[in-house]
Amino acid sequence: MDLSRRDFLKISGVATGGLFLPSGTALATGAYSYPLHKPIGETPTICCFCGVGCGAIVAAQDGLVVNLEGDPDHPINRGSLCSKGMALAQLNTVDGKPNPKRLTKPMYRAPGSDTWQEKDWGWTISEIAKRVKATRDENFIAQDDQGRTVNRLEAIASFGGAALDSEECALLVKALRSMGLVYIEHQARI
Ligand code: SF4
């Protein structure tokens with residue numbers, strides 16, 4: 001019997017439908033009329049512990065992590081996590097409760113002080129901007145000692161973390177270069 005590729009696919013499709021129809025019917029007629037698991041949203045994230053930058057999928061409910069696993073679609077780790085990465089959920093949740101040691105607000109220690117103060121984000125961001133501007137104004141080098149234009153700032157350095165993705169790094173480098181920074185490094189390169 002001559003069997004074209006198209007005929008073969010048709011026959012396979014009918015056979016497959018016949019095989020799986022009973023189970024599909026059982027589902028439709030209510031053999032499983034209630035969900036076995038409550039659906040929980042999953043979010044992809046990046047492990048922040050080291051420069052490898054492995055991908056993870058985190059499932060959270062009511063502000064607590066209920067599951068965390070390696071992201072099988074992530075090109076770096078393809079679903080695996082080291083023992084440290086497997087403990088990533090503990091940054092947020094310990095024994096089913098919020099981690100009491102987790103920082104949720106900026107902490108500030110004034111120069112010479114031994115005391116940390118809790119600050120809000122508005123104060124923190126404007127304070128950083130104020131200090132960056134003052135340092136740049138004071139140290140900007142427009143020309144080198146031979147009169148060549150260099151427009152650089154050597155008094156501030158930037159050190160990026162592993163949780164930054166490529167797009168965030170691109171934006172960060174643009175912002176830093178626009179201020180004249182030359183000492184720009186990233187954890188993943190070290
Ligand atoms: S899972 Fe392990 S190897 Fe991967 S980024 Fe986290 S600490 Fe690094």
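There is one aromatic pair in this structure. Rings of Phe, Tyr and Trp (its six-membered ring) pair if their centres lie within 6.5 Å; planes under 30 degrees apart count as stacked, over 60 as edge-to-face, and the rest as tilted. The partners are Y108 and W123, edge-to-face, with 4.8 Å centre to centre and 65 degrees between the planes. The pair links distant parts of the chain, 15 residues apart: Y108 is in strand β6 (residues 107–108) and W123 in helix α3 (residues 121–139). Helices here are DSSP runs (H or I, at least four residues), as are strands (E, at least two), numbered from the N terminus.

A word on the source. This is a predicted model, where local features need pLDDT of at least 70 and side-chain atom pairs count only at pLDDT 80 or more, while totals for chains, interfaces and linings use all residues. Residues are numbered from 1 along each chain as its sequence is written, and side-chain values use heavy atoms, with hydrogens and water left out.

Back to the pair. Y108 counts as buried, at 17% relative accessibility, and W123 as partly exposed, at 28%. Buried means under 20% relative accessible area, exposed over 50%, and partly exposed in between (1.4 Å probe, protein chains only).

W123 has another contact: the charged end of K119 sits over its ring, 4.4 Å from the centre. The rule for that is NZ of Lys or CZ of Arg within 6 Å of the ring centre and within 35 degrees of the ring normal. R136 likewise lies over the face of F140, 4.6 Å from the ring centre.

Next, salt bridges. How many are there by this rule? The count is six, taking a side-chain nitrogen of Lys or Arg within 4 Å of a carboxyl oxygen of Asp or Glu.

One of them joins E118 and K105, at 3.7 Å, N to O. That pair also links distant parts of the chain, 13 residues apart, with E118 in strand β7 (residues 117–118) and K105 in the loop between β5 (97–98) and β6. E118 is exposed at 54% relative accessibility; K105 is partly exposed at 45%.

In helix α3, E127 and K130 are three residues apart, so about one helical turn separates them. Their closest N and O atoms are 3.2 Å apart, forming a salt bridge. E127 is buried at 13%, whereas K130 is exposed at 53%. Salt bridges link E127, K130 and R131 in a network.

Last, R148 and D144 meet in a salt bridge at 2.9 Å, N to O. R148 is partly exposed at 48%, and D144 is buried at 16%.
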